[in-house]
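Below are some notes on the model you sent.

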Amino acid sequence: MELLLLRIILVLASLLTISATNSEGDALLDMKLKLKATGNQLSDWNWRQINPCTWYSVVCDNNNSVVEVTLPSMGFTGVLSPRIGELKHLNVLILSENRLSGTIPDTLASIPSLRDIRLAYNNLSGQIPGRLFHVAHYNFSGNSHLNCGPKFHHLCASHASYQESMHGHRGTGHGPTLNLKLKTMPTVDR
Ligand SMILES: *[C@@H]1O[C@H](CO)[C@@H](O)[C@H](O)[C@H]1NC(C)=O
Ligand SMILES: *[C@@H]1O[C@H](CO)[C@@H](O)[C@H](O)[C@H]1NC(C)=O
Ligand SMILES: *[C@@H]1O[C@H](CO)[C@@H](O)[C@H](O)[C@H]1NC(C)=O
């Protein structure tokens with residue numbers, strides 16, 4: 001009896017460990033929900049896959065921290081989850097050319113490692129958190145209600161913004177890690 005109890009406690013403890021080490025997965029799942037991914041979009045973003053590092057268009061570093069999320073032109077119609085800010089090691093966030101509305105959450109600006117953020121051609125509105133203009137590469141163009149451009153103090157895209165070259169041939173212009181990842185990705189209906 002005591003042994004059984006001990007086993008139950010051990011199982012519960014290991015479950016807790018899994019969910020603790022995958023809090024980034026929780027943040028990504030909230031992001032998926034808020035983006036309004038439909039039908040079979042991001043279908044492998046679920047806990048049957050345990051580790052978010054294997055999820056479609058998610059890249060992690062050697063410590064299994066999420067460093068890149070690349071989801072341009074997916075037809076998403078939702079909003080940006082404030083929980084994106086929980087991806088503390090994120091370098092690259094690409095959600096260009098969707099139909100996202102709402103504001104850019106302040107939490108995004110609290111990610112110190114961010115170096116490339118592309119939200120161009122959505123329907124985002126309101127203030128761009130000031131610190132995002134210090135990210136090395138940013139592109140917010142084509143959102144008619146954001147506070148950037150000629151009437152504001154900030155350009156909508158950094159001069160150093162990477163050339164967008166992902167239409168039809170996603171993956172070009174990225175490092176070898178991402179290319180490898182893209183090759184092994186399942187095909188996804190858009
Ligand atoms: C992984 O974690 C270790 C220990 O926290 C740290 O020293 C190292 O820089 C991290 N590596 C990466 C790629 O973030
Ligand atoms: C764009 O966003 C605004 C709210 O900021 C909304 O009223 C409008 O319907 C959206 N337009 C499209 C095309 O989604
Ligand atoms: C910003 O993104 C748009 C659409 O993805 C692209 O057409 C444009 O060239 C980008 N701007 C810069 C400066 O890279």
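Among contacts in the chain between residues at least 6 apart in sequence, what percentage join residues at least 24 apart?

1. The figure is 42% for contacts in the chain between residues at least 6 apart in sequence. On burial, 31% of the 190 residues of the chain count as buried.

2. This is a predicted model, so confidence comes next. The average pLDDT of the chain is 82, and 73% of the residues score at least 70. Over residues 164–190 the pLDDT stays under 50. For that stretch the model has 23 contacts beyond four places in sequence.

3. The chain holds three helices and eight strands. Along the sequence, their pattern reads α-α-β-β-β-β-β-β-β-β-α.

4. Five strands make up an open sheet with mixed pairing. Their order in the sheet is S1-S2-S3-S5-S7. The edges are taken by strand S1 (58–60) and strand S7 (137–139). Each of these two has a single partner strand, so one side of each is left without a neighbour in the sheet. From one strand to the next, the twist averages 15°.

5. Strand S3, residues 92–94, pairs with strand S5, residues 116–118, in the parallel sense. Three bridges make up this pairing. In it, Ile94 stands opposite Arg118 of S5.

Conventions: Residues numbered from 1 in each chain as written. Chains lettered and ligands numbered in written order. Predicted model: local features only at pLDDT ≥ 70, side-chain atom pairs only at ≥ 80, totals over all residues. pLDDT = per-residue confidence, 0-100. Contact = placed C-beta atoms within 7 Å. Pairing = 2+ DSSP bridges. Helix = DSSP H or I, 4+ residues; strand = E, 2+ residues; numbered from the N terminus. Axes fitted to C-alpha atoms, helices over the stretch in contact; angles between N-to-C directions. Buried ≥ 20, exposed ≤ 12 C-beta atoms within 10 Å, placed from the backbone.
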